[in-house]
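Subject: Model handover and notes

Hello,

Here is the structure I promised to pass on. Please open it next to these notes.

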Amino acid sequence: MKIVALVKVGNESEIIESFVRYNMNFIDAMVIVSSCCIDNTLIILRKLTEEGYDIRVKVETDIAYDERYLDNKYMKQIINDGEFDLIVPLDSDEFITGSGNPREMLERLPLDEVTIVKWMNYAMCEDDDFTEPFIPFRLKRRKEDYAGNEITKVIIPVDLAKKKNLTMNAGRHSVIGSDIVTRENHDIRIAHYPTISTEQYKSMIFQESIKSIVRYNMGNNEGVHKYKQRIGLEKGEDIFGLANDYGFNKNENYHLVEDPLDVSYCVDGSCVIKYRDLAHSDSLLEIWRTGQLMAIKAYILEIEKQLDQDLPTVLIFGAGKAAQTLFNGVDDGVVNILAYIDNDPVRELRIFNRRLVIPVAYVRFFKYDQIVISSTKYYNEMFYLLIENGVDKDKISGAGYLLDKMQIKRQER
């Protein structure tokens, strides 16, 4: 049996390495879908991929994660590829566990029904060792008699999903389809670590409040627990109480038990964290960057009103003299310039030739036909910087791209 995890990520730099190293003991590959990621998460994933983990990162341009659409989009892709037998949808704060070896339990699951498993929630406590980088070693106390432990997640056989044209609901808590057999499995659980530090918690709550503004297709009560927690933070309520109550109701009478995650089935040394220098949360910085992305979304919507739909849309790498020379030498009506790219912090997020200047890391939030590198001197450096940030090499060109387009345009006149 070949098993794949379908994972969604946002800003997960503090937990993503723990998540990958632990769960890859029990699954064969991860398809990781990123949306609105502006911390070190993608950098860490790239380093883990270089180590040899089978991680397939899919970067979406949307500012906010559209769960229903993106979860099912990539589930359908996995199904159509035909490489895997079983899909385990996970968030980056979820770790597969249970009464025995998780891999063996997954392999025993029937392939003619959807398996339902429940959360096993862990609490963030004031006396946790927040210098411990491997999250299951940091948070060792589990919430007993807790309403959140009744929340379910699905595990989906590929052939069944294809045959029944199955879809997932938001949160991967249930499925939709005709004549679907579902069965709860009590041996497999999902260890859930939703809050792992005060900075990560504040960042998550306030970012979600910002990003949800543009998610017009959210369900009426979707994410209501986070709205309640945001109100509590604004009122100055105890941060540990807010994080652990999780906003289900006002009087949650759970109790904590010492029950650290069992890592005995992991390969020795597989859970050692290597990139702790990249694994930190900065709530103020991440909230500020989320605000930037919201402003960029508004910018894109305004600029798109001015674009000629018959022309290719380009980003220009460089916002200095070379770019100005290139801009001055190109006829009007040849391409749509959507934005400029420059990694000089003084130029970032300013206006150049009536277009926004963005850092190279923000290219993934734009839809374009080509990126044109304006500099001849620094062409190779810029080229490889774009590649490192996930740009397809076939979408990178030099100034000759614009000159060719200009020649074609003139010949048409």
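Below is what turned up, grouped by region.

First, the ground rules. This is a predicted model, with local features needing pLDDT of at least 70, side-chain atom pairs counting only at pLDDT 80 or more, and totals for chains, interfaces and linings using all residues. Residues are numbered from 1 along each chain as its sequence is written, and side-chain values use heavy atoms, with hydrogens and water left out.

**Strands β1 and β2**

Helices (H or I, at least four residues) and strands (E, at least two) are DSSP runs, numbered from the N terminus. Two strands pair if DSSP finds at least two bridges between them. Strand β1 (residues 3-9) pairs with β2 in the parallel sense, over 6 bridges. V9 stands opposite S34 in β2.

Buried means under 20% relative accessible area, exposed means over 50%, and partly exposed is in between (1.4 Å probe, protein chains only). In strand β2 (residues 29-34), 6 of the 6 residues are buried, so the strand is largely enclosed by the rest of the structure. In a regular strand the side chains alternate between the two faces of the sheet. In β2 both faces are covered: A29, V31 and V33 are buried on one side, and M30, I32 and S34 on the other.

**The six-stranded sheet**

An open sheet of 6 strands runs in the order β15-β16-β14-β13-β17-β18, with mixed pairing. β15 (351-352) and β18 (396-397) are at the edges with a single partner strand each, so one side of each has no neighbour in the sheet. Strand β17 (residues 370-373) runs parallel to β18, joined by 2 bridges. I371 has I396 in β18 as its bridge partner.

Helix α10 (residues 283-304) lies across β14 (336-341) and β16 (355-358). Its angle to β16 is about 145°. Axes are lines fitted to C-alpha atoms, for helices over the stretch in contact (heavy atoms within 4.5 Å). Angles run from 0 to 180 degrees between N-to-C directions.

W288 lies in helix α10. W288 is exposed, at 51% relative accessible area. With L285 and L349, W288 forms a nonpolar surface patch of about 270 Å² accessible area together. Such a patch joins nonpolar side chains (Val, Leu, Ile, Met, Phe, Trp, Tyr) within 5 Å, from residues with over 30% relative accessible area and no salt bridge; like charges are joined within 9 Å. Areas come from the Shrake-Rupley method with a 1.4 Å probe, and for residues only the protein chains shown count as cover.

**Salt bridges**

A salt bridge is a side-chain nitrogen of Lys or Arg within 4 Å of a carboxyl oxygen of Asp or Glu. The count by this rule is 26.

- E60 and K73: closest N and O atoms 2.8 Å apart. E60 is in the loop between β3 (55-59) and α3 (67-81) and K73 is in helix α3, so the pair ties together parts 13 residues apart in sequence. E60 is buried at 10%; K73 is partly exposed at 26%.
- R172 and D71: closest N and O atoms 2.7 Å apart. The pair links distant parts of the chain, 101 residues apart: R172 is in the loop between β9 (167-168) and β10 (175-176), D71 in helix α3. R172 is buried at 1%, and D71 is buried at 0%.
- R141 and D127: 2.6 Å, N to O. D127 is exposed, at 58%.

Salt bridges with shared partners join D71, D91, E94, K153 and R172 into one network.

Best wishes
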